[in-house]
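Here's a quick briefing to read with the structure open beside you. Take it one topic at a time and find each piece as you go.

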Amino acid sequence: GHVVGEPPADPFVYHSLVVASDLAMGIRRNLRDRLGFEASAGIAGSKVVAKLAVNAWKPYDQTLVWPSATLAVLGARPARDLFGIGRDMAKRLERDFGVTTVRDLWGLTRDQLEEALGSHNGETAFLAARGVDTKAVASAGRRGTITVQDSMRRVSSTAEIEARLTQLATELVARVDEEHGATKRIPRLLSLRVRYKGVACVSRSCTPPSEMACTVRGGERVRHVVNAAMSLHRSMTHPDAPITLLGLTVTYDHQTANATSRTPSISSYFSCKPPHRVHVVNNNPFS
């Protein structure tokens, strides 16, 4: 990987970032070896800088930014690159203060930004420009949906559609089984998404067939899912038009979307809550 800056003297900071770098390397290696996916990673003392570093060496490498290089990495970036500064906010900053880069933001006080952008947005911009993100690291929880889909040039015959849906349903059932093994959840909704040639995508949903429960043999469950999907297809307004995309989705109850998994969450490594308001002693890092 790539390293920016000089290692910190603080042993806790040093070892924390080294461990994070090793974790990122292992995750990327597993993605490549097991799934064939390439991924990049960014490691830094703050989420703000890590999100910028992840884009430095794509598609398959990682960048570690030591705290000593935080301001140098941030300074030349466009203000729009900072998380929390969207297009409209970036336009206001440029219009009212001539701000186009993060370095330009350093010349503004917290009070100036809060007055111009509001209390929350002003503080977010002020801290992000200094590589500070006060939001706690939290697990996103379990997935709310599982989707499988396939695009094609054109499929129109019933036999072709059923064959494609059988392939998708086979994959979907396998992934539903995997989710059930981890969380014991059962989907509450089955949806079919179809893109017809020359027509926007159309979706229809129904209650999943009761046979989707894991007590039924896999092949039988696939057949019941295909039958349900074909019924949804027949209810659409363009059932005879050529199809260029087919997709199947199952949805889980929102209340159980964050069900506890047997797999430990990475959030356990980040249990410390940040302070409500961060005090910055030196307003301009380069003054």
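What follows is a short tour, from the whole chain down to single residues.

This is a predicted model, in which local features need pLDDT of at least 70 and side-chain atom pairs count only at pLDDT 80 or more, while totals for chains, interfaces and linings use all residues. Residues are numbered from 1 along each chain as its sequence is written, and side-chain values use heavy atoms, with hydrogens and water left out.

**The whole chain**

- The protein chain has nine helices and seven strands. Both are DSSP runs numbered from the N terminus: helices are H or I with at least four residues, and strands are E with at least two.
- Of the 287 residues in the protein chain, 36% are buried. Buried means under 20% relative accessible area, exposed means over 50%, and partly exposed is in between (1.4 Å probe, protein chains only).
- Take the contacts in the protein chain between residues at least 6 apart in sequence: 69% of them join residues at least 24 apart. A contact means heavy atoms within 4.5 Å.
- The accessible surface of the protein chain is about 16600 Å², and carbon and sulfur atoms account for 53% of it. Such areas come from the Shrake-Rupley method with a 1.4 Å probe; for residues, only the protein chains shown count as cover.

**Strands side by side**

- Strands of a sheet pair through backbone hydrogen bonds, either parallel or antiparallel. Here, two strands count as paired if DSSP finds at least two bridges between them.
- β1 and β3 (residues 62-65) run parallel and are joined by three bridges. Look for V3, which stands opposite L64 in β3.
- Elsewhere, β5 and β6 (residues 201-206) pair in the antiparallel sense over six bridges. R195 has C201 in β6 as its bridge partner.
- The hairpin of β5 and β6 has four residues between the strands, and G198 there takes a positive phi near 80 degrees.

**Helices and what they touch**

- I27 sits in helix α1, and it counts as partly exposed because its relative accessibility is 46%.
- Together, V19, L23 and I27 make a nonpolar surface patch of about 240 Å². Patches are made of residues with over 30% relative accessible area and no salt bridge; like charges are joined within 9 Å, and nonpolar side chains (Val, Leu, Ile, Met, Phe, Trp, Tyr) within 5 Å.
- In helix α6 (residues 110-117), the buried residues are R110, L113, E114, A116 and L117. They pack against α4 (87-97), α5 (102-105) and α7 (119-128).
- Just after α6, G118 takes a positive phi of about 100 degrees.

**Salt bridges**

- A search of the whole structure turns up nine salt bridges. Each is a side-chain nitrogen of Lys or Arg within 4 Å of a carboxyl oxygen of Asp or Glu.
- One of them joins the side chains of R164 and D150 (3.0 Å, N to O). This pair links distant parts of the chain, with R164 in helix α8 and D150 in strand β4 (residues 145-155), 14 residues apart.
- R164 is partly exposed because its relative accessibility is 28%, and D150 is partly exposed too, at 27%.
- R185 and E179 also meet in a salt bridge (2.5 Å, N to O). Are these two buried or exposed? R185 is buried, with a relative accessible area of 5%, and E179 is buried at 1%.
- D253 and R188 form another salt bridge (3.2 Å, N to O). D253 is in the segment after β7 (243-251) and R188 is in the loop between α8 and β5, 65 residues apart.

- K184 lies in the loop between α8 (158-183) and β5 (189-196). Its phi is near 65 degrees, a positive value in a residue other than glycine.
- K184 counts as exposed because its relative accessibility is 54%.
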